Amino acid sequence: MNNVIIVAGGKGLRMGNDLPKQFMVVGGKPVLMRTIESFHNFDKSIRIIIALAKDYREHWSSLCKGYGFTVPHEVVDGGETRFHSVKNALDLVGDGLVAVHDAVRPFASNELLHMCFASVKVHQAVIPVIDVTDSLREITDENESKIVDRSKFRLVQTPQVFETKLLKQAYDVEFSDIFTDDASVVEAFGHKIYLVEGEKTNIKITTPFDLQLAKVILN
Ligand SMILES: Nc1ccn([C@@H]2O[C@H](COP(=O)(O)OP(=O)(O)OP(=O)(O)O)[C@@H](O)[C@H]2O)c(=O)n1
Ligand SMILES: C[C@](O)(CO)[C@H](O)COP(=O)(O)O
């Protein structure tokens, strides 16, 4: 069975808006609804689990009523960090495959989801990445930096897709600051991460500029 954990428990501090960005409306619909729909359109039987901060459960229910949103999903409490939100949701995930996806990445295409879920059957742990197209420098000291070989780096996206058993084992660990995504947790557990080609349009809506970009992507 396919499962997806959509992490929507953040506060959106970098967006600087009172309402967290996952509830903001882009092209006539809240971002989180777009994200849920992308997985439902990919697989009508996928189990969708949303990690939401307790304070926003009621807000989400009223949004669903207001927009007549009926895609089936379950809600768990968000945690202190993204790692903790995933950990809470994992309790509900059944056997098979599980994707973890940022609520604020509403534009992952059907093709990308197909590729990630197909590759994971072979590689157990799959993430989408894109090339770095600017020059890249490493900050070495205050006012000091040096050029690095950009061909050795990739920008990491979600969905990050795993065999459920592997992800659950990997997440049975204390939180560490190096855990910025699910691949970092699985890698620390000792499993290799397989990379597939991501999409430039699969942006993470993080700042007000990204909201403008989202509107351009929709047009
Ligand atoms: N405690 C947290 C923190 C983040 N997230 C989710 O993880 C995803 C990626 O995080 P990010 O873009 O950093 O979102 P925020 O934490 O909300 O943003 P900021 O860091 O600007 O506050 C988002 O969908 C966010 O809702 C989560 O589920 N639980
Ligand atoms: C998971 C992620 O989107 C992969 O690029 C990213 O690590 C999330 O980082 P954030 O600081 O929590 O937005």
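The protein has seven helices and 12 strands. The model is predicted.

Visitor: How compact is the protein for its 219 residues?
Guide: The globule rule gives 17 Å for 219 residues. The radius of gyration is close to that, so the protein is as compact as a globular protein of that length. The radius of gyration is 17 Å.

Visitor: What percentage of contacts between residues at least 6 apart in sequence join residues at least 24 apart?
Guide: Contacts here are those between residues at least 6 apart in sequence. Among these, the share joining residues at least 24 apart is 71%.

Visitor: Is strand β1 mostly covered or mostly exposed?
Guide: β1 runs over residues 2-8. One side carries Asn2, Val4, Ile6 and Ala8, the other Asn3, Ile5 and Val7, and all are buried. With seven of its seven residues buried, β1 is mostly covered.

Visitor: How many nonpolar, polar and charged residues does the shell around ligand 1 have?
Guide: 22 residues surround ligand 1, and the closest are Val7, Gly9, Gly10, Leu13 and Arg14. β1 and α3 (82-90) each supply at least two residues of this shell. By class, the shell has seven nonpolar, nine polar and six charged residues.

Key
Residues numbered from 1 in each chain as written. Chains lettered and ligands numbered in written order. Predicted model: local features only at pLDDT ≥ 70, side-chain atom pairs only at ≥ 80, totals over all residues. Buried ≥ 20, exposed ≤ 12 C-beta atoms within 10 Å, placed from the backbone. Helix = DSSP H or I, 4+ residues; strand = E, 2+ residues; numbered from the N terminus. Near = placed C-beta within 6 Å. Nonpolar A, V, L, I, M, F, W, Y, C, P; charged D, E, K, R; others polar. Rg over C-alpha atoms; globule rule 2.2 N^0.38 Å. Contact = placed C-beta atoms within 7 Å.
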